[in-house]
Amino acid sequence: MPAFANYYNTTMKKQAIGVFDSGIGGLTILRALHHTLPHENFIYFGDTANVPYGGKSKAAVTRLATAVAQFLETQNVKLIVVACNTASAHALPTLSKRLRVPVMGVILPGAQAAVGATHNRKIAVLGTQGTVQSQAYVKAIKKLNNQMRVVQQACPLFVPLAEEGFAKKPAAELIAREYLAPVQKSGADTVILGCTHYPILKKLIGRILGPKIHLVDSAQTLAQAAKNFLQTHRLAAQTGCGTLKFYASDEPQKFSQSAQKLLGEKIAKATLKKLTP
């Protein structure tokens with residue numbers, strides 16, 4: 001992350017933090033951020049017109065993520081959190097170069113949490129096709145500790161199940177058992193939920209894998225990393241009750257209804273903002 005000392009000034013403490021994902025999955029990150037940083041204002045962008053990112057090419061994901069991040073930059077945010085594993089894997093280097101605002105992704109916090117949690121040095125990563133193909137988690141974990149054994153499992157149907165509210169339906173369990181069978185055979189004692197949609201299915205995944213398997217949801221780890229960054233740069237808001245503002249690139253009413261259920265609180269309706277990547 002580049003040095004931003006000259007970019008910032010004291011008035012930026014009051015500016016919002018931008019958070020984005022392809023849909024509602026990143027709200028699991030937003031929830032943790034809002035809890036950890038209760039004085040901060042947040043602007044969340046759900047790119048619902050292009051959900052999911054997981055099956056798209058690196059070039060397409062980078063183009064979409066750049067368009068969203070540049071919009072958030074126009075909202076004068078002081079930090080952008082890429083609450084999407086696929087976008088973090090594919091687009092983070094490009095975003096860091098193109099934006100004046102610092103950008104934080106979810107891969108490294110998740111890798112750090114997994115390395116710290118495993119007892120047998122066997123870690124499994126559940127992710128989208130894009131995240132799995134990028135090898136981003138494998139590289140991050142191996143960089144932290146090259147003794148770790150890492151297996152990956154793509155779970156592309158988890159995103160539509162989460163987006164459509166099917167997490168508790170019988171179909172979700174059938175699909176989850178199919179995806180998780182190789183993970184169970186791998187002997188991994190730690191499993192990374194490598195997509196921000198997957199915590200919506202966390203109870204189901206945990207029930208299938210059993211209580212001895214540690215599930216890593218990087219939301220809290222990322223929230224703490226964001227808090228540390230803001231405090232280090234003296235940008236953390238100290239007073240007031242933080243606000244939440246939402247944008248969606250398609251069907252804002254549907255997004256708002258889903259967001260309200262996931263966050264467990266009444267929120268203002270999302271504003272429609274179409275992208276031109």
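In helix 4 (residues 107-117), the buried positions are Ile107, Pro109, Gly110, Ala111, Ala114, Val115 and Ala117. Here, buried stands for under 20% relative accessible area, exposed for over 50%, and partly exposed for values in between, with a 1.4 Å probe and protein chains only. Helices (H or I, at least four residues) and strands (E, at least two) are DSSP runs, numbered from the N terminus. The model is a predicted one, in which local features need pLDDT of at least 70 and side-chain atom pairs count only at pLDDT 80 or more, whereas totals for chains, interfaces and linings use all residues. Residues are numbered from 1 along each chain as its sequence is written, and side-chain values rest on heavy atoms, with hydrogens and water left out.

The buried residues of helix 4 pack against helix 3 (85-98), strand 5 (122-127), helix 6 (136-144), strand 7 (190-194), strand 8 (214-216) and helix 10 (218-232), contact being taken as heavy atoms within 4.5 Å. Helix 6, one of these partners, has its own buried set, made up of Ala136, Tyr137, Val138, Ala140 and Ile141. These residues pack against helix 3, helix 4, strand 5, helix 5 (129-134), strand 6 and strand 7.

The pairing of helix 4 with helix 6 can be described by its geometry. Their axes come within 9 Å and cross at roughly 50 degrees; axes are lines fitted to C-alpha atoms, for helices over the stretch in contact, and angles run from 0 to 180 degrees between N-to-C directions. Helix 4 and helix 6 are therefore oblique to each other, since angles under 35 degrees count as roughly parallel, over 145 as roughly antiparallel, 65 to 115 as roughly perpendicular and the rest as oblique. On the helix 4 side, Ile107, Gly110, Ala111, Gln112 and Val115 take part, and they meet Ala136, Tyr137, Ala140, Ile141 and Leu144 of helix 6. This contact has 8 nonpolar, 2 polar and no charged residues, where Ala, Val, Leu, Ile, Met, Phe, Trp, Tyr, Cys and Pro count as nonpolar, Asp, Glu, Lys and Arg as charged, and the others, Gly among them, as polar.

Helix 2 (residues 58-74) packs on helix 3 at an angle of about 55 degrees, with the axes 9 Å apart. Helix 2 and helix 3 are thus oblique to each other, and their crossing is right-handed. Lys58, Val61, Thr62, Ala65, Thr66 and Ala69 of helix 2 meet Thr86, Ala87, His90, Ala91, Thr94, Leu95 and Arg98 of helix 3.

The loop between strand 2 (42-46) and helix 2 contains Pro52, which is joined to Val51 by a cis peptide bond with omega of about 0 degrees. Tyr53 lies in the loop between strand 2 and helix 2 as well, and Tyr53 is buried at a relative accessible area of 1%. Leaving aside neighbours within four places in sequence, Tyr53 is in contact with Ser22, Asp47, Val61, Leu64, Ala65, Val68, Cys84, Thr86 and Ala87. The C-alpha atoms of Tyr53 and Val159 are separated by 9.6 Å, although the two are 106 residues apart along the chain.

Most residues other than glycine have a negative phi, and most peptide bonds are trans. Arg121 has a positive phi near 65 degrees; Arg121 sits in the loop between helix 4 and strand 5 and is partly exposed at 44% relative accessibility. Arg234 likewise has a positive phi, near 55 degrees. Arg234 is found in the loop between helix 10 and strand 9 (244-248) and counts as exposed at 68%.

Finally, the structure holds 0 disulfides, a disulfide being a pair of cysteine sulfur atoms within 2.5 Å. The sulfur of Cys155 lies 9.2 Å from the closest cysteine sulfur, in Cys195, too far for a bond. Cys155 is buried, with a relative accessible area of 0%, whereas Cys241 is exposed at 69%.

Conventions:
Left-handed = near helix turned anticlockwise from the far one by under 90°.
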